[in-house]
Amino acid sequence: MLYLESLKDAEDIFKALSTPMRLRIMELIYKQELSMNDLAEALGLTNSAISLHVSKLESAGLVTIHTTSGKRGIMKIVKPVYSRMLVDMAPHSKPRHCYQDDISVGHFTACDIHPTCGLATIDHIIGELDDPRTFSFPDRFQAEILWIAWGNITYSFPNRLSAGQTLQELHISFEISSECPEVNEDYPSDIYFSINGISLGKWISPGDYGERKGIISPSWWPELLNQYGLLKTLIIKSDGTFIDGTHKISNVTIDDLHIDYNSTINFTFSVPKDTTNCGGMTLFGEKFGDYNQSIRVKAYYNKPEDMYM
């Protein structure tokens with residue numbers, strides 16, 4: 001999901017979608033995988049015209065172009081980046097201060113791992129598949145993908161608050177899917193989230209996606225392993241905890257976490273063995289899957305002087 005905090009932030013998106021032809025392009029690429037030539041033929045446009053429209057969509061971050069070999073040479077496949085978009089249209093009454101950090105999937109601080117499981121860098125699989133010991137190997141810090149059948153993984157997030165600053169919201173986004181031996185599009189998994197031991201609720205992953213290669217995954221990556229996930233954003237704010245801003249998963253608020261400038265922020269993904277849908281978990285980093293980002297943390301906070309504005 002793409003989350004935009006204001007109409008100003010969404011300006012480039014609205015411009016890119018301001019013509020009926022580009023809206024039609026977006027509709028078509030969500031239905032099936034299409035190349036630039038396919039789009040030109042379907043819409044009755046010249047190749048130069050379709051290139052111009054797709055370029056506008058790409059500049060706005062709405063599509064990516066994936067080059068692959070075809071029967072008639074190199075094909076440029078146009079793929080959508082986001083399945084949903086949320087825009088805050090009402091202006092915020094107070095200034096929104098924010099800091100952001102990207103955490104690599106291999107930079108976990110604690111874990112309890114059970115097979116099937118594994119990690120891989122951009123170049124190779126670390127150690128042997130289904131060996132939990134590989135999660136302690138030094139090269140796990142270079143991991144760009146990891147997967148577990150059940151257990152938990154904890155990340156320590158930076159706390160950049162200063163004395164007197166008050167945390168207002170936490171946004172944590174990540175590309176994620178289930179973990180099935182080989183792949184299975186219909187393989188639900190209950191994935192739970194917590195911060196400092198406080199449960200935030202769960203999200204049910206629909207499946208382990210492998211009908212195609214991940215857009216940014218390396219070419220050597222085996223087809224029978226996890227290919228891509230869904231980009232999800234966990235938001236903890238004053239009225240509860242949400243997935244993608246609209247689906248409430250618990251009543252836990254940002255105040256319930258009691259985070260100040262002295263606090264540690266330990267965030268845990270977990271798949272309990274005894275949960276209803278024990279379908280594992282896969283986390284995709286910056287160089288695997290469909291989205292070129294690691295685990296992204298955005299913390300919104302108030303400064304003391306904001307109280308008097």
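Trainee: Asn196 first: what is its relative accessible area, and what class does that give?
Mentor: This is a predicted model, so take the values as computed from it. Asn196 has a relative accessible area of 32%, so it counts as partly exposed.

Trainee: And where is Asn196 found?
Mentor: Asn196 is in the loop between β12 and β13 (198-205). Its phi is near 50°, a positive value in a residue other than glycine.

Trainee: What about the peptide bond from Pro115 to Thr116, cis or trans?
Mentor: That bond, from Pro115 to Thr116, is cis, with omega near 5°. Thr116 sits in the loop between β7 (110-114) and β8 (118-120). For context, most peptide bonds are trans.

Trainee: Switching to rings. How many aromatic pairs does the structure hold?
Mentor: The structure holds 15 aromatic pairs. One of them is Phe193 with Phe267: the ring centres are 6.2 Å apart and the planes are at 15°, so the pair is stacked.

Trainee: How many residues apart are Phe193 and Phe267?
Mentor: They are 74 residues apart, so to speak linking distant parts of the chain: Phe193 is in strand β12 (residues 189-195) and Phe267 in strand β17 (residues 265-271).

Trainee: Are those two buried or exposed?
Mentor: Phe193 is buried at 1% relative accessible area, and Phe267 is buried at 0%. Phe267 also pairs with Phe269: the centres are 4.9 Å apart and the planes at 85°, so that pair is edge-to-face. Phe269 is buried as well.

Trainee: Which residues do ring pairs link into a cluster?
Mentor: The cluster consists of Phe108, Phe135, Tyr155, Phe157, Phe174, Phe193, Phe267 and Phe269. Arg140 lies over the face of Phe108, at 4.2 Å from the ring centre.

Trainee: And which residue lies over the face of Phe242?
Mentor: Lys237 does, at 4.9 Å from the ring centre of Phe242.

Trainee: Next, Asn152. Which strand is it found in, and what is it in contact with?
Mentor: Asn152 is in strand β10 (residues 150-157). Leaving aside neighbours within four places in sequence, Asn152 contacts Ala110, Cys111, Asp112, Ile113, Thr268, Phe269 and Ser270. At 26% relative accessibility, Asn152 is partly exposed.

Trainee: How far apart are Asn152 and Ser69?
Mentor: From C-alpha to C-alpha, Asn152 and Ser69 are 39 Å apart in space, and they are 83 residues apart in sequence.

Trainee: Last topic, helices. At what angle do the axes of α2 and α4 cross?
Mentor: Roughly 75°, with the axes of α2 (residues 20-31) and α4 (residues 47-59) coming within 10 Å. At that angle α2 is roughly perpendicular to α4, because 65 to 115 degrees is the range for that class.

Trainee: Which residues make the contact?
Mentor: Met21, Arg22, Ile25 and Met26 from α2, and Ile50, His53, Val54, Lys56 and Leu57 from α4. By class, the contact of α2 with α4 has six nonpolar, one polar and two charged residues.

Terms used
Residues numbered from 1 in each chain as written. Predicted model: local features only at pLDDT ≥ 70, side-chain atom pairs only at ≥ 80, totals over all residues. Heavy atoms only, no water. Axes fitted to C-alpha atoms, helices over the stretch in contact; angles between N-to-C directions. Helix = DSSP H or I, 4+ residues; strand = E, 2+ residues; numbered from the N terminus. Parallel < 35°, antiparallel > 145°, perpendicular 65-115°, else oblique. Contact = heavy atoms within 4.5 Å. Nonpolar A, V, L, I, M, F, W, Y, C, P; charged D, E, K, R; others polar. Phe/Tyr/Trp six-rings, centres within 6.5 Å; stacked < 30°, edge-to-face > 60°. Buried < 20%, exposed > 50% of the residue type's maximum accessible area, 1.4 Å probe, protein only. Lys NZ or Arg CZ within 6 Å of the ring centre and 35° of its normal.
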